[in-house]
Amino acid sequence: MEHHPHHHSHILLLFLLFFPSFTHSTCSNKCGSLDVRYPFGTGYGCGSPHFFPSVTCTSSANQDDESGGGKDQQLTLTTHTGKYPITAISYSTSTLTVTPPLMSTCSAMHPSTPNFGLDWSAPFQLASSVFVLLACPAPTSSLANHGNLICDAASGPRLCGALLACPAVAALGLPLFAPTNTCCVYSPASLGPKGDLDLQGLRCATYASVAALGSTPVDAGTWQYGVALQYGEAQKEIEVDGVAEACAACERSDGACGYAPPKNYFVCACKSGVNTSTDCYGLDEELKDFWQSTTAAGKNAFATSKLFWMLSMMIVVNLFLSAAASSSSSSSFC
């Protein structure tokens, strides 16, 4: 009778593929006060690989908090010009708002503000923000970006007048109610060949980015400040792969969507600490005794259970290999 040892390897492979993964999850659907949903993630292996490492969840104080939802944590966009806190995300319109730390507002103005820029390789572009350039050389009507005049003569005096009425303009060396010809409303704004708002090239000291004027356009103290960005260019590729549907099911089960390098297969990271290829329904309850505890004892239990699982798998592998070897030896005498 002929035996086929490779049948055992097939069975072993299926067993390994369908056995649940006990990898401790570091993905979360929260970062600080923000809900983090696909395509964004809180770190490596979370969300879509197209948005890492552009968007990550960073911790300013509590470095031991792995939940992604700590009060000291901040979702951050990183580009070649700096790190920018993400303060709002609209998943329905595929837009997010970042607040550059040294961007000027009515309450605080910063001279010598560094350029703001985006990476061409990252799936972001300027949305509906209005850049207001301050402390520029007069007359600003001659300011040009690559030969193109950039100042909006229609809305410029109104918005510039409102900002120059803020007492914080004194930090720029400007008097209260300074002449509006030192201010330029750059709308619609565009970034240069390097993806930067080139303040140095325009010889302006700083800028304010206005995401929304609110109900009182003449009062700069009520404006919503921030740079609005559009995202989602990689979404079409993701939807073709069918990941969007799997991710929706994962998020409905309170999981966080992620990927498994190096081939970036989809995974659903559950709060219990288990990564699955489907969703978290039932998994959290079954394994919460192993994974929910954040105490030292809980972490020891995780390490012990993981070691036990690895030893068990080694025993199973040895049994299959022994059976395969025995079958091969028997077949040689048939």
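**Cores and disulfides**

In this model, the largest nonpolar core has 60 residues, and those with the most contacts inside it are F40, F124, L133 and L163. The strand that gives the most to this core is β9, residues 130-134, with five residues. Bear in mind that the model is predicted.

Take L163 from that list. Leaving aside residues up to four places away in sequence, L163 touches C106, M109, V132, L134, V169, A208, A220, W223 and Y225. Another core, of nine residues, lies apart from it; Y38, C257, C268 and C270 are among them.

One is formed by C31 and C57, with sulfur atoms 2.1 Å apart. The link of C31 and C57 is right-handed, with 90° about the S-S bond. C31 is in strand β1 (residues 30-31) and C57 in strand β3 (residues 55-59), so this pair ties together parts 26 residues apart in sequence. C31 counts as buried at 2% relative accessibility, and C57 counts as buried at 16%.

C106, which L163 touches, is joined to C166 by a disulfide, S to S 2.0 Å. The torsion about their S-S bond is about -105°, so this disulfide is left-handed. C106 sits in the loop between β6 and β7, and C166 in the loop between α2 and β12, so the pair ties together parts 60 residues apart in sequence. Both cysteines are buried.

Last, C270, from the nine-residue core, is joined to C280, S to S 2.0 Å. This link is left-handed, with -95° about the S-S bond. C270 lies in the loop between β18 and β19, and C280 in the loop between β19 and α6, 10 residues apart. C270 and C280 are buried.

Terms used
Residues are numbered from 1 along each chain as its sequence is written. This is a predicted model: local features need pLDDT of at least 70, side-chain atom pairs count only at pLDDT 80 or more; totals for chains, interfaces and linings use all residues. Side-chain values use heavy atoms; hydrogens and water are left out. A nonpolar core is a set of buried Ala, Val, Leu, Ile, Met, Phe, Trp, Tyr and Cys residues joined through side-chain atoms within 4.5 Å. Buried means under 20% relative accessible area, exposed over 50%, partly exposed in between (1.4 Å probe, protein chains only). Helices (H or I, at least four residues) and strands (E, at least two) are DSSP runs, numbered from the N terminus. Contact means heavy atoms within 4.5 Å. A disulfide is a pair of cysteine sulfur atoms within 2.5 Å.
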